[in-house]
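Let's take a friendly look at how oppositely charged side chains pair up in a protein model. Keep the structure open beside you as you read.

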Amino acid sequence: MAVFHKTKDLTSKPFHYCPGCTHGIVHRLVAEAIEEFGVSEKTIGIAPVGCSVFAYDYFNFDMAEAAHGRAPAMATGIKRVHPDCLVFCYQGDGDLASIGTAETVHAACRGENITIIFINNGIYGMTGGQMAPTTIMGQKATTCPNGRSGINGYPIKICEMLATQEGTYYAERVSTHNVKQVLNAKRAIKKALKNQIDKKGFSIVEVLTNCPTNWHMSPQDSLKYIEEKVILYYPLGIFKDKDAEVKNA
Amino acid sequence: MTKAKIDGEACKGCGLCVGACPKKIISLSKSKINRQGYFPAEITDIEACIGCALCAVMCPDVCIEVE
């Protein structure tokens with residue numbers, strides 16, 4: 001009996017990610033969730049720019065590559081033309097929280113019926129470890145070698161910000177630093193995709209991930225860093241869920 | 001009995017499965033180097049494996065199967 005096997009919705013191409021990068025875990029969770037809903041043939045994914053720029057090679061869905069940060073805008077168009085398709089964006093923090101903030105916020109304000117998987121590792125991984133808008137205070141990067149301080153501004157909390165928007169249906173932050181959190185992340189990703197299938201509206205799942213290479217840590221230490229430092233600034237949990245609001249009303 | 005199986009050629013030797021294993025029977029190889037140039041993870045005592053698949057859940061490269 002197979003207890004665990006690689007989902008058919010991931011291709012056989014090996015991930016190019018650095019050893020220990022939890023991008024691969026999130027790829028698997030998204031592919032497994034969509035396979036479990038049985039909508040693989042009707043799914044369109046939008047790949048971002050950043051470390052996960054080659055996501056279109058790894059997912060066995062129809063994939064499109066967006067200009068830097070423009071994935072929610074592209075998803076809006078695709079979803080409106082193909083309302084029966086499941087459309088998801090897979091974006092990193094340099095993509096979604098920096099150059100693509102406008103597209104993200106306005107997609108949420110319009111209440112587009114799309115799902116965004118937002119990978120937050122607090123650094124620009126692909127370009128070599130520069131400070132990102134999501135870099136936490138005190139964290140070192142090549143452009144803030146002494147650690148981020150007030151002169152660099154403060155980290156942006158995307159889930160909290162989008163939760164204030166009327167158009168957002170569901171916003172949750174999860175993590176990947178241990179097995180329990182990975183399983184919880186899968187539940188959140190499934191819920192966000194189910195919201196779209198049920199035509200409920202804009203859903204975003206922020207996943208805290210690591211970057212062992214640019215954080216200059218071993219993979220195990222980087223997971224410990226998420227647990228001990230990153231979560232203090234980015235608390236986990238559901239920030240907005242209109243399902244719960246309906247129940248409580 | 002279900003057992004974990006690690007694809008040593010696909011493994012990048014990150015060791016996340018080592019930390020996830022409740023039986024502490026996974027370790028990184030000290031002698032074998034795979035084609036990618038990494039020291040792959042190995043199961044040291046396959047008899048002790050309980051097939052819980054926690055290693056597979058944490059593997060970022062999806063190179064562990066449990067069956």
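The model is a predicted one, and over all its chains it holds 17 salt bridges.

**Helix to helix in chain A**
- E36(A) and K190(A) join their side chains in a salt bridge, with 2.6 Å from N to O.
- Because E36(A) sits in helix α1 (residues 23-37) and K190(A) in helix α7 (residues 179-197) of chain A, this pair ties together parts 154 residues apart in sequence.
- E36(A) is partly exposed, at 44% relative accessibility, and K190(A) is also partly exposed, at 25%.

**Strand to helix in chain A**
- A salt bridge links E172(A) with R187(A), and their closest N and O atoms are 2.7 Å apart.
- E172(A) belongs to strand β7 (residues 168-175) and R187(A) to helix α7 of chain A, so the pair connects parts that are 15 residues apart in sequence.
- E172(A) is buried, with a relative accessible area of 3%, whereas R187(A) is partly exposed at 36%.

**Loop to loop in chain B**
- In chain B, the side chains of D61(B) and K12(B) form a salt bridge of 2.9 Å, N to O.
- D61(B) lies in the loop between α2 (54-58) and β4 (64-66), and K12(B) in the loop between β1 (4-6) and α1 (16-20), so the pair ties together parts 49 residues apart in sequence.
- Both D61(B) and K12(B) are buried.

**A network in chain A**
- Salt bridges with shared partners join R28(A), E32(A), E36(A), K186(A) and K190(A) into one network.

Note on methods
Residues are numbered from 1 along each chain as its sequence is written. Chains are lettered from A and ligands numbered from 1 in the order in which they are written. This is a predicted model: local features need pLDDT of at least 70, side-chain atom pairs count only at pLDDT 80 or more; totals for chains, interfaces and linings use all residues. Side-chain values use heavy atoms; hydrogens and water are left out. A salt bridge is a side-chain nitrogen of Lys or Arg within 4 Å of a carboxyl oxygen of Asp or Glu. Helices (H or I, at least four residues) and strands (E, at least two) are DSSP runs, numbered from the N terminus. Buried means under 20% relative accessible area, exposed over 50%, partly exposed in between (1.4 Å probe, protein chains only).
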